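Hi everyone, thanks for having me. Today I'd like to walk you through one structure, a few places at a time.

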Amino acid sequence: MTDKSNKTTHFGYKTVESDQKVDMVASVFHSVAAKYDVMNDLMSLGIHRLWKRFTIDCSGVRPGHKVLDLAGGTGDLTAKFSRLVGDMGAVTLADINDSMLKVGRAKLRDRGIVGNVTYVQANAEALPFPDNHFDLITIAFGLRNVTDKDKALASMFRVLKPGGRLLVLEFSKPDSDVLNKVYDFYSFNILPKIGKLIADDGDSYQYLAESIRMHPNQETLKGMMETAGFESVEYHNLTGGIVALHRGYKF
């Protein structure tokens, strides 16, 4: 067996030691946290709000449910889930990055969202929660940054209740060659310049563009979820496949 320290993975288009990636990704998100919401609106022309609304609509969340918003960042999904689960429910906003977690907590508290929301710094590959605990897990635009995606999916499966569902909202592969070319041009020629102008950090947004291209496509991710134990896995392409929402159940 290969020693873990000798294993490699990708960081964007770069090949790095597996045990280095967590710190490298953390550095990116420490850098972008303060401008994360502004950049999301600029990068997607506000369409990310529609993607997240569709995710909420597919969640099946009810009053009293326990929800894990994994890689929850600045809390867009958590804010909506907090209202849906009500006083008898609970939402856990979990993120591996302390800076993102602080921004999310401050934002939600400023909006008066307290009481049924807790915040946990956690690695998706080893979630610190009991077995069969959550009714729903969402991970929006976070799975592509995880070093061992298979391990993370297995960890999510473990903490999900029987009958619960996982929703993975993530950038994916456009379903037309023309759209793919336009998207590539935007991602590698315009996006880093916006990042430099607004967040004074073009390099981090160059990484984010590269990380999207290295993420498994729709069918591959579906297969990975099935391997982890999820059933009735399906996906919906959004905005021509630029983003896909995968949904799977634990039965």
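Let's start with one serine: Ser155 is buried, because its relative accessible area is 6%, and the cut-off for buried is under 20%. Please keep in mind that this is a predicted model. Where does Ser155 sit? You'll find Ser155 in helix H6, which covers residues 149–159. And what does Ser155 touch, once we leave out residues up to four places away in sequence? The answer is Ala124, Glu125, Ala126 and Leu127.

Now on to a glycine. Gly163 belongs to strand S7. Gly163 and Lys151 are 12 residues apart along the chain, and their C-alpha atoms are separated by 21 Å. If we set aside its neighbours within four places in sequence, Gly163 has contacts with Tyr249, Lys250 and Phe251.

Next, helix H7. With 23 residues, H7 reaches 31 Å from its first C-alpha to its last, which is close to the 33 Å expected at 1.5 Å a residue. Where does H7 bend? Look at Ile190: the bend there is about 35°, and a proline, Pro192, follows within four residues. Several residues of H7 are buried, among them Asn180, Tyr183 and Ser187. Pro192 is buried too.

Two packed helices are described by the angle between their axes and the distance between the axes. For H2, residues 36–44, and H7, residues 177–199, the axes come within 11 Å and cross at roughly 145°. The crossing of H2 past H7 is right-handed. On the H2 side, the contact is made by Val38, Met39, Leu42 and Met43, while H7 brings Tyr186, Leu191, Ile194, Gly195 and Ile198. By class, that contact has eight nonpolar, one polar and no charged residues.

Here is another pair to set beside it. The axes of H3, residues 48–57, and H4, residues 76–85, come within 10 Å and cross at roughly 35°. H3 also passes H4 in a right-handed crossing. Here His48, Lys52, Arg53 and Ile56 in H3 meet Asp76, Leu77, Lys80, Phe81 and Leu84 in H4. Which classes of residue make up this contact of H3 with H4? There are four nonpolar, one polar and four charged residues.

Key. Residues numbered from 1 in each chain as written. Predicted model: local features only at pLDDT ≥ 70, side-chain atom pairs only at ≥ 80, totals over all residues. Heavy atoms only, no water. Axes fitted to C-alpha atoms, helices over the stretch in contact; angles between N-to-C directions. Helix = DSSP H or I, 4+ residues; strand = E, 2+ residues; numbered from the N terminus. Left-handed = near helix turned anticlockwise from the far one by under 90°. Contact = heavy atoms within 4.5 Å. Nonpolar A, V, L, I, M, F, W, Y, C, P; charged D, E, K, R; others polar. Expected span 1.5 Å × (residues − 1). Bend = angle between axes of the 7 residues up to and from the residue. Buried < 20%, exposed > 50% of the residue type's maximum accessible area, 1.4 Å probe, protein only.
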